[in-house]
Amino acid sequence: MAQSLHLFFISSPNLISHKSAYSRPLPLPSNRRSTALRKLVTAASSSDLDAPASASQVLASENGKGGGHSLAAAVSASASVEYASSGIEVDAVTEAELKENGFRSTRRTKLICTIGPATCGFEQLEALAVGGMNVARINMCHGTREWHKMVIERVRRLNEEKGFAVAIMMDTEGSEIHMGDLGGAQSAKAEDGEIWTFTVRALEAPLPKRTITVNYDGFAEDVKVGDELLVDGGMVRFEVIEKLGPDVRCLCTDPGLLLPRANLTFWRNGSLVRERNAMLPTISSKDWLDIDFGIAEGVDFIAVSFVKSAEVIYHLKSYIAARSRGGDISVVAKIESIDSLKNLEEIIKASDGIMVARGDLGAQIPLEQVPAAQQRIVKLCRNLNKPVIVASQLLESMIEYPTPTRAEVADVSEAVRQRSDALMLSGESAMGQYPDKALAVLRSVSVRIERWWREEKQHEDMVLPGIASSFSDSISEEICNSAAKMANNLEADALFVFTKTGHMASLLSRCRPDCPIFAFTTTTSVRRRLNLQWGLIPFRLSFNDDMESNLNKTFSLLKARGMIKSGGLIIAVSDMLQSIQVMNVP
Ligand SMILES: Nc1ncnc2c1ncn2[C@@H]1O[C@H](COP(=O)(O)OP(=O)(O)OP(=O)(O)O)[C@@H](O)[C@H]1O
Ligand SMILES: CC(=O)C(=O)O
Ligand SMILES: [K+]
Ligand SMILES: [Mg+2]
């Protein structure tokens with residue numbers, strides 16, 4: 001450690017006490033989408049979809065290297081046994097990427113895949129993990145609890161057996177108005193001019209022809225003749241023509257496919273009617289049962305649908321704290337309603353993370369307002385140091401086709417350029433025909449745009465506002481801001497952060513530095529939760545309060561694994577001992 005230079009050193013060992021900061025499809029032209037969905041129904045039943053091999057090949061080809069196999073081989077060399085002896089845990093995909101491509105090329109934007117019939121098999125999940133999935137999302141709107149349990153178990157088994165660190169996000173159903181499950185049918189086609197009945201009666205399957213059940217009892221009372229009824233924010237449209245007690249007869253004015261449990265909104269004189277559904281609870285009684293299930297299964301994140309205010313987030317967080325050991329589940333608020341936009345700042349402050357749920361958001365505000373809302377949410381989250389996910393329709397056409405549209409690539413690029421923490425696949429991975437290819441597109445676009453950003457030296461002039469709530473926190477914040485700036489100016493190879501709660505890691509991530517951030521933390525659950533934050537490479541490692549010995553140990557462990565090389569310039573910070581150290585890897 002001869003070359004270690006201590007730049008400054010604040011001796012009070014201020015321990016950071018607070019916790020780590022932590023769709024609706026717009027219609028494709030309806031004929032195109034309908035084919036997509038029709039094909040899907042068949043695809044979902046023939047279980048083996050795309051070949052997993054393609055994922056690793058794309059990984060390798062991104063770097064212009066011919067041999068697509070070395071990385072795949074490195075990844076499949078199952079590493080869990082090795083971990084136990086080497087004393088440091090990192091996920092197998094990152095390790096392979098670091099070894100093959102060096103520090104600079106690692107992807108900073110995190111990727112989430114919604115798991116569904118197309119991806120719930122063990123091999124399919126493994127292909128996604130190899131392809132860079134950081135978080136697997138299960139949507140409680142769909143599937144049975146047994147199914148969700150099976151997916152969680154498979155992801156956990158993959159992590160254990162194959163050395164991945166995929167986190168699990170459970171997404172609640174929420175209690176907005178939606179259709180029932182179509183009496184078990186996968187979909188139903190509504191044609192122009194047909195009359196359909198929407199009913200609040202509790203009908204048993206099989207349902208009468210052209211009949212749809214609605215979950216909200218007040219529906220038949222609330223709608224008026226002449227209202228426009230939008231399925232999935234406009235995928236299919238109806239006009240209310242007659243009310244008959246619990247039944248509402250509607251004329252199909254814009255044909256398309258109806259999917260089970262599709263969301264319903266109704267519009268009157270050009271605006272969304274929402275007085276009544278504003279009274280529906282954000283977390284329904286079914287959601288509470290699902291949340292109990294998520295707590296029991298130890299999911300890493302719970303995403304709450306249709307959040308309207310910060311109160312519900314505080315309520316859920318205290319519920320979780322009282323029930324889960326250590327309260328280590330992060331709560332992500334989904335911004336997908338007008339109310340959530342109104343109370344945005346309070347909701348972000350209350351949550352551990354945010355999802356820009358553009359599917360439903362686009363059904364509640366005019367579509368042309370969605371991009372501005374996204375930019376505002378992403379920026380505010382960064383200011384307030386909360387991770388932000390951009391979700392829905394990123395690669396919608398890839399549900400059906402193996403290549404994305406140019407417009408989709410531009411949309412993904414924009415989300416990466418905005419420096420959002422994570423991108424999410426929905427139908428593309430849940431029920432599409434090309435889940436691995438869609439993930440590969442997110443990965444290669446992320447890596448390319450991130451590199452472009454660095455090459456162009458487009459360091460944003462963004463002055464990050466102070467967010468600390470105590471003097472000790474202010475010190476951490478200043479240290480991280482300075483360390484990130486130094487890393488850019490000195491062209492450091494990596495930032496190292498030793499953090500127990502993950503808070504210091506999030507403060508570094510917030511600065512979006514040019515180099516990757518190696519985040520060392522002592523617990524598996526913190527490590528998995530860091531998976532959602534931009535630029536962090538989470539490692540689990542036991543360490544003590546002596547930074548010198550921590551660094552020596554880390555260097556020798558990483559060198560032994562071939563993950564760093566002598567001479568690399570490292571800037572290290574820690575939350576045990578508030579300091580910045582600059583050194584070359586010995
Ligand atoms: N567990 C599942 N079982 C069956 N189909 C699923 C499952 N999860 C997702 N899907 C399918 O993938 C589509 C997209 O998934 P996604 O999670 O984005 O749901 P969504 O219904 O659009 O609602 P949300 O607004 O909650 O995201 C769904 O409409 C559904 O058809
Ligand atoms: C993801 C989600 O819930 C939406 O886009 O509506
Ligand atoms: K949901
Ligand atoms: Mg939604």
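**Entry 1: a pair of strands**

How many bridges join strand β3 to β4, and do they run parallel or antiparallel? I found three bridges between β3 (residues 110–114) and β4, and the two strands run parallel. Before going on, I noted that this is a predicted model, where local features need pLDDT of at least 70, side-chain atom pairs count only at pLDDT 80 or more, and totals for chains, interfaces and linings use all residues. Residues are numbered from 1 along each chain as its sequence is written, while chains are lettered from A and ligands numbered from 1 in the order in which they are written.

My strands (E, at least two residues) and helices (H or I, at least four) are DSSP runs, numbered from the N terminus. Two strands pair if DSSP finds at least two bridges between them. In β4, Val 135 is the bridge partner of Ile 112.

Next I looked at how enclosed β4 is. I call a residue buried if 20 or more other C-beta atoms lie within 10 Å of its own, exposed if 12 or fewer, and partly exposed in between, with C-beta atoms placed from the backbone. Five of the five residues of β4 (residues 135–139) are buried, so the strand is largely enclosed by the rest of the structure. Val 135, Arg 137 and Asn 139 point one way, and Ala 136 and Ile 138 the other way.

**Entry 2: the whole chain and its cores**

I counted 21 helices and 24 strands in the chain. Of its 586 residues, 49% are buried.

Then I looked up the nonpolar cores, which are sets of buried Ala, Val, Leu, Ile, Met, Phe, Trp, Tyr and Cys residues joined through C-beta atoms within 7 Å. The largest has 83 residues, and Val 166, Ile 302, Val 304 and Leu 442 touch the most other members. Helix α17 (residues 435–455) gives the most to this core, with seven residues. A second, separate core has 37 residues, including Cys 511 and Leu 530.

I also checked α17 itself. Its 21 residues reach 30 Å from first C-alpha to last, close to the 30 Å expected at 1.5 Å a residue; the expected span is 1.5 Å times one less than the number of residues.

**Entry 3: around ligand 1**

I found 18 residues surrounding ligand 1, and the closest are Gly 116, His 142, Gly 143, Ser 426 and Ala 430. A residue is near the ligand if its C-beta atom, placed from the backbone, lies within 6 Å of it. By class, the shell has five nonpolar, 10 polar and three charged residues. Here Ala, Val, Leu, Ile, Met, Phe, Trp, Tyr, Cys and Pro count as nonpolar, Asp, Glu, Lys and Arg as charged, and the others, Gly among them, as polar.

Most residues other than glycine have a negative phi, and most peptide bonds are trans. I went looking for exceptions.

Which peptide bond is cis, with omega near -5°? It is the one from Ala 205 to Pro 206, and Pro 206 lies in the loop between β7 (195–199) and β8.

Arg 261 has a positive phi near 60°, and I found Arg 261 in the loop between β12 (256–258) and β13 (264–268). Asn 385 also has a positive phi, about 60°. Is Asn 385 buried or exposed? Asn 385 is buried, with 22 other C-beta atoms within 10 Å, whereas Arg 261, with 15 C-beta neighbours inside 10 Å, counts as partly exposed.
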